[in-house]
Amino acid sequence: MAKSPAWQRSEGKNPKGGLNEKGRASAKKQGMDLKPPAPHPKTDKDAARRKSFCARMSGMKKRLTSAKTARDPDSRINKSLRKWNC
């Protein structure tokens, strides 16, 4: 029986939110092109990525999470929003 990819397991996830390098590498093997977070963008392209991410994830938080998850500081969505400085 094959193990699931690292990005789906805790060893590929960063405890502070998002994926770590091992998680991004395993996702890349499956054809995904994931870049690390850009909380303090240095280029206009990274600034646009951050703006887009924050808008998309904030909308998801409002519509697709329960009230309990939205308030939980340890939920994956809240961790990712903090990681990106949203």
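## Exposure and the Asp 33 pair

A residue counts as exposed when its relative accessible area is over 50%, and as buried when that area is under 20%. In this predicted model, Asp 33 has a relative accessible area of 56% and is therefore exposed. Its salt-bridge partner is Lys 35, with the closest N and O atoms 3.7 Å apart. Lys 35 is partly exposed, at 47%.

## Helix H1

Helix H1 spans residues 21-29, and Gly 23, Arg 24, Ser 26 and Ala 27 are buried in it. These buried residues fall within an arc of 165° seen down the helix axis, so they line one face of H1. Glu 21, Lys 28 and Lys 29, on the other side, are exposed.

At the N-terminal end, Asn 20 caps H1, with a side-chain oxygen 3.2 Å from the backbone nitrogen of Lys 22. After the helix comes Gly 31, which has a positive phi near 95°.

## Salt bridges

The whole structure contains five salt bridges. One of them joins Arg 24 to Glu 21 at 3.0 Å, N to O. The two residues are three apart in H1, about one helical turn. Arg 24 is buried at 14% relative accessibility, whereas Glu 21 is exposed at 56%.

In helix H2 (residues 44-64), Arg 49 and Asp 46 are also three residues apart. Their salt bridge has its closest N and O atoms 3.3 Å apart.

## Lys 79

Lys 79 belongs to helix H4, residues 76-83. Lys 79 is buried but has no salt bridge; Asp 74, the nearest side chain of opposite charge, is 4.8 Å away. A polar atom of the Lys 79 side chain lies 3.0 Å from the backbone oxygen of Pro 15.

How values were computed:
Residues are numbered from 1 along each chain as its sequence is written. This is a predicted model: local features need pLDDT of at least 70, side-chain atom pairs count only at pLDDT 80 or more; totals for chains, interfaces and linings use all residues. Side-chain values use heavy atoms; hydrogens and water are left out. Helices (H or I, at least four residues) and strands (E, at least two) are DSSP runs, numbered from the N terminus. Buried means under 20% relative accessible area, exposed over 50%, partly exposed in between (1.4 Å probe, protein chains only). Lys and Arg count as positive and Asp and Glu as negative; His and the chain ends are not counted. A salt bridge is a side-chain nitrogen of Lys or Arg within 4 Å of a carboxyl oxygen of Asp or Glu. A polar contact is a pair of N or O atoms within 3.5 Å; within protein, one must be able to donate a hydrogen and the other to accept it, and residues adjacent in sequence count only if both atoms are side-chain atoms. The arc is that of the directions from the helix axis to the C-beta atoms.
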